Structure formats: structure tokens, C-alpha cells
Amino acid sequence: MAIRAKLMSAQVGALFEEYCSESSVHGVRFFVGNQRSTCVKLTWFGVFALSLVGCGVMIQQAYNKWDRTPVIVTLSEVPTPVWDMTFPAVTICPEIKVLNTRYNFTHEFETLESQWYQSGRNKNATFTVSKESIGKMKAIIHHCSGIYLNENNFIFNFNHVPEPALVHFLKYVSLDRQSVFTMCSSTSDARCTNYMQVTVTNEGICYSFNMISQEQMFHSDVLENGYKYMERWDEYVNVSASPDEQLLKVAGSGLDAAIGFNLIHYPLKIDTSCVRGRGYKVLIHEPTVYPDLSKRNIRLSVSQTLTVALKPNIMQTSPDLAKYSAQKRQCYFTHEHPLRFFRQYNQDNCELECLTNYTLQRCGCVHFSMPRTYETRVCKLEEAHCPSQARGVLFIRKQHRNSTEDYLQQCDCLPACSSVRFDLQITQDSHTEEREVRTTIETEEELQAKLQLPVYSVLQVYYQDTHFIPAQRSELHGLVDFLANCGGLLGLFIGVSLLSIVEAIYYIAVRPISCRKRKTDTGESHEIC
């Protein structure tokens, strides 16, 4: 056994010396040779080891860079013409919620309040206001503000009175859509009302332009169908068409290609007691996004012209990034993160669904504007404060993303890999001629006559430029880049190439097998390699 070990050791030593003498790796030939002293060999071995360590450290850094930041966002080399884009969706929510010709909220509320305090706050007293009217009153207070939602409001003593079918009633008492939009025009399509829908939002009943239909927005087999969240303006609009065919295309840029809305209301026909203003809240968003005006909106005041110039921020993503995880590229492709209620994935829809689920978990019910299943109920008036509190708690948690209890973080609502956001340049102008006319009113009769006239506002939306440069997510460091970095570092420090690695494998795996023993003519046994 000792003899075999000595022979094996001698064979390994011979192979090592041969490798060092013949190898293309820099420096290793100084490890062997009888003419070199031990000090020289150790010195070169130390230099080689330090070079190897330095190379390993830099390769580790290159790997970390490849692993952690594989994506870069750059501007596209080719600008996108505006006529290749669809027009954004425009959602308009009147701050006035009730037509007094359909329900006189102010009169009924003041009558009930007076009788309540006159009765000594006795629930069993007789009131001239019917229970049906009290229920309607409670339904309207759902989207009132200020003191109406205060817990000390006397109306909460009538919690036993049932509310009517909430959304149907709110649609019934809301401003008549045909009267509000006296004119809607564009150079792309003379009948832009073909693209209008009535939508149910957290601001109540709103009107949306150029959105996809409810069938294309929601999963119909999951969504409760007691009422429509999105109701078509004209019944003959083709909702079976694809979203691109159903949406309005952009004809050009500038005011010449603007979409214009004339909005009116009659001062004597509206109920203003439960609202803070008489204008309109406007949200400009992608057509596939369900509107949530609590997150952002702009305000159109009465007797004002609001002109909005759009500059889209377009984000595109290279298909090559599909091989990376969503966390590395920080976005989701449409098929990667399916939502329960929405067919189309985007960050806004995901956050709205997240808010809905969190509200249900916290309150046991949801706001009437939130998508819900058949088993989920709408919050009653006495519970209406809870969805509002849930919204505040959920989105404030964005400041504490590392918390294990962060519900929003669990929802994982990353941006969509292809998305459009809009920068707005807003100009606002008053209708001074109307104000000048009103200052000439002198008598009550003349004032009453003027109040019969409609108050109008104008909204114009257009694209600012004809071309926009999109942003592009693309691969910063691919596998080829990483291998090239490794090859460059190995070559710089120790002169290693791919053939050097093959050479080492040959001397480790192949060369020992080729060594064999052969007897000479004298009968002596020699090891031949």
C-alpha cells in the first residue's frame, strides 16, 4: 500500500509539474522547476493567490450587479406619434348630487330635524316625514360631507329605517345626463356621446368618456349584478367590439383636435345643502382604469372654462424582461397578476381591489362603489364612516412598507409593464360676461328671472404635442454581459480564457487515464504517460 501511495504521489507530482510548465495560465510555470528556489516559488504562489482573490471579489460584484439591477429605464430612440394612441378616459363627477325636482332633500331633512327636537328626541313620536322619505334621506347622506356624517347627527337615531336600493335611487335623483352634457364634440367623431357611460364611483354618480365597457372591465361571473357599475349612454353602442375598436382614437394635437364638454345645471332645480360646491371633479386616466377620484382629481368650477393640455408619460417594457421576476423588473405583464374582479391589470385597479378586500375585512361591508360579490353587502349609513377610515389606514401604510401587517404590501400592486400617465397643463378662465350681467341685477324679480337661466361650464382636453418619446424598460446586464465581465476579469488578473479552463479539465480528468505502465526490453517496468 505504501509503495502504491508513493507511486500515485509521484504520478500526481509529475502531472502537476507538466501542467505548470505547459499551462497558458499566467504565473503558474514559476511554481515548478529545479532551477528556481523555494523562496521564488512561494513568492509567485502568493502573487497568484492575491490575483485570484481580487478576481473573485470583482466577479462577485459583477454578479451582484447582474442579479440585483438587471433592468434600466431609458428613453426610446423612436418617438410615438399622437395619432397612434387612444384618447384618455375623462371622468366627470358633479358635486351636486340631487335634483330637487325628484327629491327635495333640504326640505325633508329640515322638517324631520325640527320635529325631532320638538318631540324631545323621542323615537316613538309621530313625524310627518314618512319612513320611505327618511330612507331616501339616509341614502343621499352617503355622499354628503361635513356635519351630515357626524356621529351626533340626529339622523342616526333612525337606523332602524331601511334604505332604498341605494345605487338605483342615487342614479334616479342625480343630475340628468342629457341635460348636463348639452354639447360634446370632437374632430375625431361628431357624436362623442357614443363613448360616454354613467359610472358609479366613490364620488357618487359620474359620467365617463372613452372607457371600456363593464363587460370588458369586470369578470361578470364574480361581480354582483344587482346594479350596473358602468351604464352605457346610448344602448346601440357596440360593446362586443374589442377595446381598441370601441375607444376613440386621437385625431391630432392642439385645440383644433380637442374634446369639448359643455356642462350646465339650473340653480333652481338643484339641492346644494349636502355638498361643498357646485362644480365638477374631473379625473383623466387610462381607459382600462376604473376611476377613483379620492386619489387624484382636478376641479372645474361653475361659470369657468377649464382647458387641459396633456403630455403622456408612456412606459413600455421589452419582452426580454419576461424571464426576470416581477420584483426585479418592478412591473407586471398583463397575464402575471390576475385580479379577482377586474379583467385588465393595472396598478390603480389592483389598489382598488386591495382597498375593497381590506374594507370588507375591517368593516364587514364595502362602499357602494366598490366591486363586490353576491355574498358581500353594502355598508349602511351608520357604517359609512368605516370604508373612509379603511382607505386612510390602508394608504397611509405606504410609509411603513416593511411592516409585516402592511395589507397593501401583501396585495403587491406593482405598476403594469405597459402604462400611460398624464402630466396636465391647466388653464382656467372665468365667464366674465356672465358675472358682469349678474352685477346689474337690482330687483328680486330680476334676480329670480336670472336664476331661471342655466349656469354652464366648459371643459376642453387635448394633446399638447404631435409626438412623444416613450420610456423603455430594457435589460441592463444580461447573461452574455455577465460572462463577458467574468472573462475580462479572469484574463486581466490571471490570463485565463475558455481554453485555459478546458486545459485544466484535460489535466485533471483525461491526462491521468492516458498514463500507463509499459515493460521495457530489459524486463523493467516503467510508468509511461
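Contact here means heavy atoms within 4.5 Å.

## The model and its conventions

This is a predicted model, in which local features need pLDDT of at least 70 and side-chain atom pairs count only at pLDDT 80 or more, while totals for chains, interfaces and linings use all residues. Residues are numbered from 1 along each chain as its sequence is written, and side-chain values use heavy atoms, with hydrogens and water left out.

## Overall picture

Let's start with the whole chain. The protein chain contains 16 helices and 19 strands; helices (H or I, at least four residues) and strands (E, at least two) are DSSP runs, numbered from the N terminus. There are 529 residues, and 46% of them count as buried. Buried means under 20% relative accessible area, exposed over 50%, and partly exposed in between, with a 1.4 Å probe and protein chains only.

The accessible surface of the protein chain is about 28200 Å², and carbon and sulfur atoms hold 54% of it. Such areas come from the Shrake-Rupley method with a 1.4 Å probe, and for residues only the protein chains shown count as cover. Among contacts in the protein chain with a separation of 6 or more, 76% join residues 24 or more positions apart.

Met230 is buried, with a relative accessible area of 3%. Beyond its neighbours within four places in sequence, Met230 is in contact with Gln197, Val198, Thr199, Met211, Ile212, Ser213, Gln214, Met217, Phe218 and Tyr290. The C-alpha atoms of Met230 and Gln214 are 5.4 Å apart, although the two are 16 residues apart in sequence.

On a 1 Å grid over the protein atoms alone, a cavity is a set of points where a 1.4 Å probe fits but cannot get out, a pocket is an open set with protein on both sides within 12 Å along at least five of seven lines, and lining residues have an atom within 4 Å of a point. The largest cavity holds about 60 Å³ of space, and the whole structure has three cavities of 30 Å³ or more. Grid points are joined across faces, edges and corners, and a volume is the space filled by probe spheres set on the points. The cavity lining has one nonpolar, three polar and four charged residues; Ala, Val, Leu, Ile, Met, Phe, Trp, Tyr, Cys and Pro count as nonpolar, Asp, Glu, Lys and Arg as charged, and the others, Gly among them, as polar.

The largest pocket has about 850 Å³ of space. Its lining has 36 residues, with His142, His143, Cys144, Asn202 and Glu203 nearest the centre. Helix H11 (385–396) and helix H10 (347–363) each supply at least two lining residues, and H11 gives the most, with five. By class, the lining of the largest pocket has 15 nonpolar, 14 polar and seven charged residues.

The second largest pocket has a volume of about 670 Å³. Of its 29 lining residues, Thr86, Glu286, Thr288, Ser418 and Val420 are the closest to its centre. The lining of the second largest pocket divides into 16 nonpolar, nine polar and four charged residues.

## Aromatic pairs

The structure holds 18 aromatic pairs. Rings of Phe, Tyr and Trp (its six-membered ring) pair if their centres lie within 6.5 Å; planes under 30 degrees apart count as stacked, over 60 as edge-to-face and the rest as tilted. Tyr195 and Phe209 form an edge-to-face pair, 6.3 Å centre to centre with 75 degrees between the planes. Tyr195 lies in the loop between strand S5 (181–185) and strand S6 (196–201) and Phe209 in strand S7 (residues 204–209), so the pair ties together parts that are 14 residues apart in sequence. Both Tyr195 and Phe209 are buried.

Ring pairs also link Phe105, Phe109, Trp116, Tyr117, Phe127, Phe154 and Phe158 into a cluster.

## Backbone points to check

Gln330 is not a glycine, yet has a positive phi of about 60 degrees. Gln330 sits in the loop between helix H9 (326–329) and H10, and is partly exposed at 40% relative accessible area. Asp412 also has a positive phi, near 55 degrees, and is found in the loop between helix H12 (407–411) and S14.
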